[in-house]
Amino acid sequence: MTQPPSLEELTALQDELRQLLQHPKPEQRLRKLPQAERLRLQQQLAQQRLVKDKLPSWQLVLAYIPSSLALEQSSSQQAAEYKQHFVHREDRLLDMTGGLGVDFSALAAAAQSGVYVEQQSQLVAAARYNLPRLLPDRPITIYEGRSTELLDELLERHQPTLIYLDPARREQSDRQRRVYALEDCEPDLLGLLPRIRERYSALGLPLPRLLVKVSPMLDLKHTLRSVPETKELHVVAVQSEVKELLLSIDLAAPSPSSYQDVPLVVSLLGSGQEQSLRFERAFAEEEALTAHYAAELGRWLYLPHAALMKAGLYKSLAARYALDPLHVSSHLYTSDEACPDFPGRRYEVDEVLPFSSSLLRRLAKERLAAQIICRNFPLSADELRRRLKAAEHDTFALLGTTLSTGEAVLIRCRRS
């Protein structure tokens with residue numbers, strides 16, 4: 001492995017980068033530099049273009065990014081700052097999986113102090129340069145090593161009140177499997193919790209809280225069954241994509257009697273105002289509800305945000321917004337009156353057409369321009385678009401689905 005750059009080397013590199021960005025002819029200045037230095041600067045220039053969109057506050061301090069992979073695997077600034085909801089001003093933070101330091105910098109900014117731990121030397125070198133610039137007024141301590149091996153020392157010396165953890169899939173796990181569980185991740189949260197309890201009890205300290213970021217690929221119910229100490233589960237989306245699941249754990253509080261009683265919060269982050277939906281006894285309430293499926297389509301059609309699809313609270317969503325689902329497997333909703341604050345896309349229905357081969361031939365002659373969407377439909381969206389030879393459109397949509405009667409239909413509608 002390449003030796004990580006020293007703090008002095010990084011300071012010199014980023015100072016040269018700053019001068020380069022201020023130069024009227026940066027390419028001309030680059031050509032005059034030795035090849036090795038030129039390549040390092042070109043790499044940082046490329047990273048800064050990515051940082052500008054993902055981590056704007058990091059660009060302001062011209063943060064050093066050791067690799068594109070490190071940046072790709074980090075949270076966006078919006079997702080990182082969302083985690084500040086879980087921090088108390090008096091908290092002493094311990095981040096056991098520091099990484100590039102994006103989540104750490106957001107959490108530590110809201111806490112009294114922060115301890116960052118990371119085993120990859122390249123990331124630690126970046127943290128030693130970046131974190132003092134991002135958190136100039138916050139007491140921070142940086143460790144290089146495996147946090148699980150240093151844990152006893154970390155807990156005794158720093159007595160954290162909030163522990164942050166971002167377990168990664170073990171390298172030896174079958175990475176082709178789409179479905180996996182916390183048991184396939186490292187550090188092992190399930191083994192870590194009793195160890196933390198035992199150590200705090202031995203030290204005579206109040207038990208801490210934990211915030212655990214897990215992959216959105218994990219099954220929610222299995223995860224909650226595996227970690228009964230979870231007090232809240234947050235599904236976090238940025239723009240239209242589910243980015244992470246957050247487990248909020250308070251070891252000092254009694255555990256919920258069942259995973260079904262854990263509150264679930266769906267938070268939608270984007271360019272506009274943050275929208276959060278809280279379901280108190282999420283899975284218990286979902287199971288208790290009875291769905292009333294629409295006999296026919298109303299004037300409005302609704303597609304839930306991907307984060308709500310991940311939560312799987314389909315009946316709860318219908319009840320909360322007074323909507324009728326179309327079919328048990330379609331996860332689409334309808335109403336006669338508009339629901340302006342629905343968390344997802346809303347369409348005004350123009351026409352409902354029974355699906356048939358002859359209909360496809362007729363529509364193909366129209367040279368349609370529309371969004372093509374298929375839910376619980378005999379054809380995929382790609383296949384339907386190919387057969388219709390349809391162009392893309394931002395407003396008009398053609399949606400294929402199945403109604404509660406079992407009839408497959410194509411719905412002409414427009415984005416509202």
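In what order do the strands of the open sheet of nine strands stand? The order is E3-E2-E1-E4-E7-E9-E8-E10-E11, and the pairing is mixed. This is a predicted model, in which local features need pLDDT of at least 70 and side-chain atom pairs count only at pLDDT 80 or more, while totals for chains, interfaces and linings use all residues. Residues are numbered from 1 along each chain as its sequence is written, and side-chain values use heavy atoms, with hydrogens and water left out.

**The chain as a whole**

- The secondary structure comes to 16 helices and 18 strands; helices (H or I, at least four residues) and strands (E, at least two) are DSSP runs, numbered from the N terminus.
- Of the 416 residues in the chain, 50% are buried, where buried means under 20% relative accessible area, exposed over 50%, and partly exposed in between, with a 1.4 Å probe and protein chains only.
- Among contacts with a separation of 6 or more, 64% come from residues 24 or more positions apart, a contact being a pair of heavy atoms within 4.5 Å.
- Taken along the principal axes, the box filled by the C-alpha atoms is roughly 70 × 65 × 40 Å.

- Strand E1 (residues 92-95) runs parallel to strand E4 (residues 162-165), to which three bridges join it, and Asp95 stands opposite Tyr164 in E4.
- E1 also pairs with E2 in the parallel sense, here over four bridges, and Leu94 has Val115 of E2 opposite it.
- In strand E2 (residues 113-118), six of the six residues are buried: Ser113, Val115 and Val117 point one way, whereas Gly114, Tyr116 and Glu118 point the other way.

**The sheet of seven strands**

- A further open sheet has seven strands in the order E13-E14-E12-E15-E18-E17-E16, again with mixed pairing.
- E13 and strand E16 (371-375) stand at its edges with a single partner strand each, so one side of each is left without a neighbour in the sheet.
- Helix H15 (residues 357-364) packs on this sheet, where it touches E15, strand E17 (396-402) and strand E18 (408-415), and its direction makes about 30° with that of E18.
- E12 and E14 run antiparallel and are joined by three bridges, with Trp300 opposite Ser335 in E14.
- E16 is joined to E17 by five bridges in a parallel arrangement, and Ile372 has Leu398 of E17 as its bridge partner.
- Because five of the five residues of E16 are buried, this strand is largely enclosed by the rest of the structure; Gln371, Ile373 and Arg375 lie on one side, and Ile372 and Cys374 on the other.

- Helix H7 (residues 102-109) is mostly covered, since seven of its eight residues are buried, among them Val102, Phe104 and Leu107.
- In helix H14 (residues 314-321), the buried residues are Ser316, Leu317, Ala318 and Tyr321, and what covers them includes strand E11 (275-279), helix H12 (282-288) and helix H13 (306-311).
- Just after H14, Ala322 takes a positive phi of about 55°.

**The second largest pocket**

- A pocket is an open set of points on a 1 Å grid over the protein atoms alone, with protein on both sides within 12 Å along at least five of seven lines, and its lining residues have an atom within 4 Å of a point.
- The second largest pocket has a volume of about 570 Å³, a volume being the space filled by probe spheres set on the points, which are joined across faces, edges and corners.
- Its lining has 22 residues, of which Leu268, Gln275, His305, Pro343 and Gly344 lie nearest the centre.
- Strand E15 (344-354) gives the most to this lining, with three residues, and strand E10 (264-269) supplies at least two.

Terms used
On a 1 Å grid over the protein atoms alone, a cavity is a set of points where a 1.4 Å probe fits but cannot get out, and a pocket is an open set with protein on both sides within 12 Å along at least five of seven lines; lining residues have an atom within 4 Å of a point. Two strands pair if DSSP finds at least two bridges between them. Axes are lines fitted to C-alpha atoms, for helices over the stretch in contact, and angles run from 0 to 180 degrees between N-to-C directions.
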